[in-house]
Amino acid sequence: MLLGQSIPWTDQRHCQTLIWMVIGLVCSECINLTKWTVYIHSRAVFAQSHQRRFSRWLHNPRINVQKLYSPLIAQALAAWGEPCITLIEDTSMLWDEYCLIRLSVQYRGRAVPLVWRVIRHGSSAVGVEVYQAMLKRASGLIPVGVSVCFLADRGFADTTLMRYLRDELHWHFRIRVKSNSWIHRAGKGWIQLNQYHLAWGEVVLLQGVRLTKTQVLDGVHLALARDPRSGQVWMVVSDESTSLQTFRDMANDSRLKKNCSTKNPMVFN
């Protein structure tokens with residue numbers, strides 16, 4: 001039995017092809033099919049023969065990737081035994097035609113894919129209705145009793161998403177928001193975040209505010225800061241009281257995204 005398959009392989013050559021692909025992936029440390037062929041030993045003379053065989057295997061419509069992968073990642077999450085896990089959502093454009101929406105779990109300085117979806121879309125900006133089902137599926141892979149913290153960049157600054165994370169999935173979140181976002185503070189009225197003119201190294205923590213005028217979300221917390229070295233402004237909304245740790249969480253998110261960028265073909269660094 002391989003990858004949870006409960007019935008014998010119809011053709012043993014399919015199993016052998018999979019094994020050689022795994023060997024090529026591990027040895028070459030990349031996802032380039034051509035580079036896998038260097039590590040293959042068979043009677044085939046031309047490398048293109050191996051490449052075509054791998055491509056046919058990967059494009060077999062009978063292969064359900066999520067059905068195979070979900071039990072493996074769920075088992076891994078349970079074995080890690082972490083009381084709290086961090087999930088990172090991001091998007092990447094492929095050939096300016098497809099958008100990869102990916103939810104990864106942070107583990108030992110790496111971003112391990114949890115669930116993902118690829119759609120034909122000309123922009124990396126997607127609405128919550130596109131990936132909401134993906135989040136629901138991810139929640140079913142999380143071990144019972146494990147706390148979740150969701151991290152995302154400004155493209156996911158949607159109060160509908162925040163409400164869904166907090167009230168439906170019962171996840172915590174840290175999400176960067178845009179500087180033109182409106183907030184309401186008790187006794188202070190409405191103000192846009194770009195009205196906070198932060199000095200280099202300055203930090204402002206706002207607790208218990210209301211976010212946006214249109215789809216209002218109450219009871220969230222904000223952390224604003226200007227990086228003392230780069231001058232970059234960070235504006236983060238959270239369902240929990242904010243502190244300096246909020247920025248540390250988001251800094252880890254940024255480093256992980258650089259490591260798992262789809263522009264880098266390396267699987268391992």
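Just after H6, histidine 170 takes a positive phi of about 60 degrees. This is a predicted model, in which local features need pLDDT of at least 70 and side-chain atom pairs count only at pLDDT 80 or more, while totals for chains, interfaces and linings use all residues. Residues are numbered from 1 along each chain as its sequence is written, and side-chain values use heavy atoms, with hydrogens and water left out.

**Helix H6**
- H6 spans residues 159–168; helices (H or I, at least four residues) and strands (E, at least two) are DSSP runs numbered from the N terminus.
- Thr159, Leu161, Met162, Tyr164 and Leu165 of H6 are buried, where buried means under 20% relative accessible area, exposed over 50% and partly exposed in between (1.4 Å probe, protein chains only).
- The cover over these buried residues includes helix H5 (128–139) and strand S4 (147–152).

**Packing of H5 and H6**
- The two helices pack at an angle of about 15 degrees, with their axes 11 Å apart; axes are lines fitted to C-alpha atoms, for helices over the stretch in contact, and angles run from 0 to 180 degrees between N-to-C directions.
- H5 is therefore roughly parallel to H6 (angles under 35 degrees count as roughly parallel, over 145 as roughly antiparallel, 65 to 115 as roughly perpendicular and the rest as oblique).
- Contact (heavy atoms within 4.5 Å) joins Val128, Tyr131, Gln132, Leu135 and Lys136 in H5 to Thr160, Leu161, Tyr164 and Leu165 in H6.

**Cysteines**
- The count of disulfides (pairs of cysteine sulfur atoms within 2.5 Å) is zero.
- For cysteine 84, the nearest cysteine sulfur is that of cysteine 149, 6.2 Å away.
- Cysteine 84 is partly exposed at 39% relative accessible area, whereas cysteine 30 is buried at 4%.
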